[in-house]
Amino acid sequence: MRRRPRSAEQVNTPCLPGENDEEHVMSWTHRRRWTSAAICGVSLVLAATGCSSGKDSGGPSTGPQHTTGKISLVYAQKQGDQEYFIGEADGAKAKAAELGVDLKVVNLGNDANKAVTEVQNAINQKASGVIVVVPDPSVGPQVAQLTKAAGVALLTSDDQVCTNGPDPSSCAKENLVPRVGFSGTQMGTEVGTRAGQDFKKYGWKPEETAIVDAWKQDVTVCTDRVKANEKAFRDAAGVDVKVIEVGTDNTPSDAQNKISATVAGNRSVKNWIVMGCNDENVSGGVSAIQNAGYGADNVLGVGLGAYLACKEWRGGKPTGFKAALFINGKDVGALSVQTIYDYLKNGKAMPQEAFAPTKMVDATNWQQAGVQCS
């Protein structure tokens, strides 16, 4: 039986495919698993010759893989009981069944610590890969380090994760974990453009109008959406309108509570525009404003998701929720599973970002667009 080397400095470790084209951090254990020990400075396309010791960068796993046997995946999602994420899980399950992949979906709720626990559980259960939507980006580095040390592939969906810091917005591109989802900037631009066009159509006066933009302000993709919708609104409307930014936890109840206080402090405003990170913020905002005595004709809510907006439209009653960008969670779930499968099975590198399609919908066309309203 071959003995395990005592250290990377004591042995000339052979180079094998590892984390990426420049880093191959490997040593042999009694369980026949390769773990971090030394960096190999050669390309995957060259024959292995030798490795020198070095410091592990902690970067995401993106290099080619060729997994033999059945692939098992864990999809750990925040807010797994939300309509969007239910759709995402359904799309992932359908794609996994098509590919013959064992898939376990885990609902993390809003518990960031559970994200770490479930990733460790996936490692303990010998999962081939993990797809994660973290409730809080601050746990990203811990999740990335756990999977890297265990040689488990990691992909994020929806939200970004940085391997060496808690804030993805200040993360170097090469340290962002590959992600499947939507372009925050593109989505925010579509939302802001629609709101600006409707503002002009309604003939509202800028001095009598205010915009509420609500989102969880430590989530990078949410900030991308909001900053883009504010710029796109100005471009489409051709005027500046007062913007009130409101921090929430991205749930309808918190958005409603926070925006109720905002409305109470701005009673001189006659017309309200509501935008934000998702349908939850807009739904809560529209409810808060209408509960404060404003009619549906004085509220312009443009959501992002359409899974809550459609419930307003389905009832047929007047509502301030005027439109929403339809983002199909099923598409993201399916694309996530396909992406990590191609990486594990076929050695196809995971793209830094992959995006699913979007469509603006309203009360007149949401059903034709395929929005599932449960």
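**Briefing: a sheet, its helices and one buried threonine**

Gly305 has Phe326, a residue of strand E10, as its bridge partner. That pair belongs to a link between two strands: E9 (residues 299-305) and E10 (residues 321-327) run parallel and are joined by 5 bridges. The model shown here is predicted. Its chain holds 9 helices and 12 strands.

**The chain as a whole**

- The chain has 374 residues, and 54% of them count as buried.
- Its accessible surface comes to about 16,400 Å². Carbon and sulfur atoms account for 48% of that surface.
- Take the contacts in the chain with a separation of 6 or more: 71% of them are between residues 24 or more positions apart.

**The sheet**

- Strands of a sheet pair through backbone hydrogen bonds, and the pairing can be parallel or antiparallel.
- E9 and E10 sit in an open sheet of 6 strands with mixed pairing. Reading across, the order is E7-E6-E8-E9-E10-E12.
- Which strands stand at the edges? They are E7 (242-247) and E12 (358-362). Each has a single partner strand, so one side of each has no neighbour in the sheet.
- From one strand to the next, the twist averages 20°.

**A helix across the sheet**

- Helix H4 covers residues 184-202. H4 lies across strands E6 (209-215), E8 (271-276), E9, E10 and E12.
- The angle between H4 and E9 is about 160°.

**Two helices side by side**

- Two packed helices are described by the angle between their axes and the distance between the axes.
- For helix H2 (residues 112-124) and helix H3 (residues 140-150), the axes come within 10 Å and cross at roughly 5°.
- Angles under 35 degrees count as roughly parallel. H2 and H3 are therefore roughly parallel to each other.
- Which residues make the contact? H2 supplies Val116, Val119, Gln120 and Ile123. H3 supplies Gln142, Val143, Leu146, Thr147 and Ala150.
- By class, this contact has 6 nonpolar residues, 3 polar residues and no charged residues.

**A closer look at Thr262**

- Thr262 lies in helix H6, which spans residues 252-264.
- Is Thr262 buried or exposed? Its relative accessible area is 12%. Buried means under 20%, so Thr262 is buried.
- What does Thr262 touch, leaving aside its neighbours within four places in sequence? Thr262 is in contact with Val212, Ile244, Val246 and Trp272.

Notes. Residues are numbered from 1 along each chain as its sequence is written. This is a predicted model: local features need pLDDT of at least 70, side-chain atom pairs count only at pLDDT 80 or more; totals for chains, interfaces and linings use all residues. Side-chain values use heavy atoms; hydrogens and water are left out. Two strands pair if DSSP finds at least two bridges between them. Helices (H or I, at least four residues) and strands (E, at least two) are DSSP runs, numbered from the N terminus. Axes are lines fitted to C-alpha atoms, for helices over the stretch in contact, and angles run from 0 to 180 degrees between N-to-C directions. Contact means heavy atoms within 4.5 Å. Angles under 35 degrees count as roughly parallel, over 145 as roughly antiparallel, 65 to 115 as roughly perpendicular and the rest as oblique. Ala, Val, Leu, Ile, Met, Phe, Trp, Tyr, Cys and Pro count as nonpolar, Asp, Glu, Lys and Arg as charged, and the others, Gly among them, as polar. Buried means under 20% relative accessible area, exposed over 50%, partly exposed in between (1.4 Å probe, protein chains only). Accessible areas come from the Shrake-Rupley method with a 1.4 Å probe; for residues, only the protein chains shown count as cover.
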